[in-house]
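Subject: Structure handover

Hello,

Here is the structure I promised to pass on.

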Amino acid sequence: NKNLKSDNYLEDIKSYNQIYTKVNITSSNNNKRGKVISIIGANGVGKSVFSIMLSRKLVNKKIIIIDFDFFNESLHSILKVDKYSQKIKNNSTKGKININDFIINTSYENVDLISGLNIIFDYDKEKNSENINRVVKQLKRSYDIVIIDTSLQSFLDYTKKILEISDENIMISGANLLEVKKTKRLLQIYNEEWQISKNKIKLVFNKCTKNSIDNKTLKKIFYGYKIIGKIKLSDYYDIVINNSTQRLNTIEK
């Protein structure tokens, strides 16, 4: 949008700067393998925008964002790119696709995107876990940070496997009663049923206002989990969404 001076408006969100300083971005195991950070939470809490904002703050890292939200894929719209490359469009029916064919360059020099993965993951659902491992392992060889944007509605085996293989899971939640209840229930599933350690999940509360649940109460409700901060509700959020969706008539949905 010509009314916005490059990315200057991103710098106005002081809460984001504070949040990202608390995200451990050191590469896992050794410097030759990238770190995997999954963004999890209920629908509508702002996972996609958070994923992009996180990538924009990690300016000295080579980053790829994977859109695993098969039902509400929006990252390509926000980043103003096509959902599929021309190569994928030409070969999607053949079933022989390399993950590198899905990589889309964005306007940000250090950030790439993968979307449209439903093409390969819907072929054989019994091999989903194997496919996720293969895809992420391959990408870790080429990128410093692999950010995975998940969906509450995605098939459960997808989400569970992503949480297991991620070095860090960032749970996005609202700070009102309804969103807190959803988040509490999801965490119960992740911890008790899926055996995901509490130490592997960090909480971020998004779209907060003066009427949101206070910090003391949130810490009590989510005892045992690390809360790394709150992000205030800002006009910026709708600016990003509205300006990106102006291209909806020209990009493939």
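This is a predicted model: local features need pLDDT of at least 70, side-chain atom pairs count only at pLDDT 80 or more; totals for chains, interfaces and linings use all residues.

The protein chain has an average pLDDT of 77. A score of at least 70 is reached by 68% of the residues. Two stretches need care. Over residues 1-13, pLDDT stays under 50. The model gives that stretch 17 contacts beyond four places in sequence. Residues 247-253 also stay under 50. For them the model has 14 such contacts. Please read the contacts of both stretches with those scores in mind.

Next, the overall build. Ten helices and eight strands make up the count for the protein chain. Of its 253 residues, 52% are buried. The chain exposes about 13,200 Å². Carbon and sulfur atoms supply 46% of that area. Now take the contacts between residues at least 6 apart in sequence: 77% of them join residues at least 24 apart.

Now the interior. In soluble globular proteins, nonpolar side chains tend to be buried together. The largest nonpolar core here has 47 residues. Which of its members touch the most others? They are Ile39, Phe50, Ile65, Ile170, Met171, Leu187 and Tyr190.

Leave aside its neighbours within four places in sequence. Ile39 then contacts Lys47, Phe50, Ser51 and Leu54, among others. Its partners also include Ile147, Ile148, Asp149 and Thr150. Ile170 and Ile172 are on the list too.

Last, strand 4, which covers residues 111-114. Where do its side chains point? Val111 and Leu113 point one way, while Asp112 and Ile114 point the other way. All four are buried.

Strand 4 has these pairings:

- Strand 2 (residues 63-67) runs parallel to strand 4, and four bridges join them. Ile63 stands opposite Val111 there.
- Strand 3 (residues 103-105) pairs with strand 4 in the antiparallel sense, over three bridges. Asn105 stands opposite Asp112. Strands 3 and 4 form a hairpin, with five residues between them.

So much for the tour. Then go to strand 4 and its four buried residues.

Best wishes

Technical notes. Residues are numbered from 1 along each chain as its sequence is written. Side-chain values use heavy atoms; hydrogens and water are left out. A nonpolar core is a set of buried Ala, Val, Leu, Ile, Met, Phe, Trp, Tyr and Cys residues joined through side-chain atoms within 4.5 Å. Buried means under 20% relative accessible area, exposed over 50%, partly exposed in between (1.4 Å probe, protein chains only). Contact means heavy atoms within 4.5 Å. Helices (H or I, at least four residues) and strands (E, at least two) are DSSP runs, numbered from the N terminus. Two strands pair if DSSP finds at least two bridges between them. Accessible areas come from the Shrake-Rupley method with a 1.4 Å probe; for residues, only the protein chains shown count as cover. pLDDT is the predictor's confidence in each residue, from 0 to 100.
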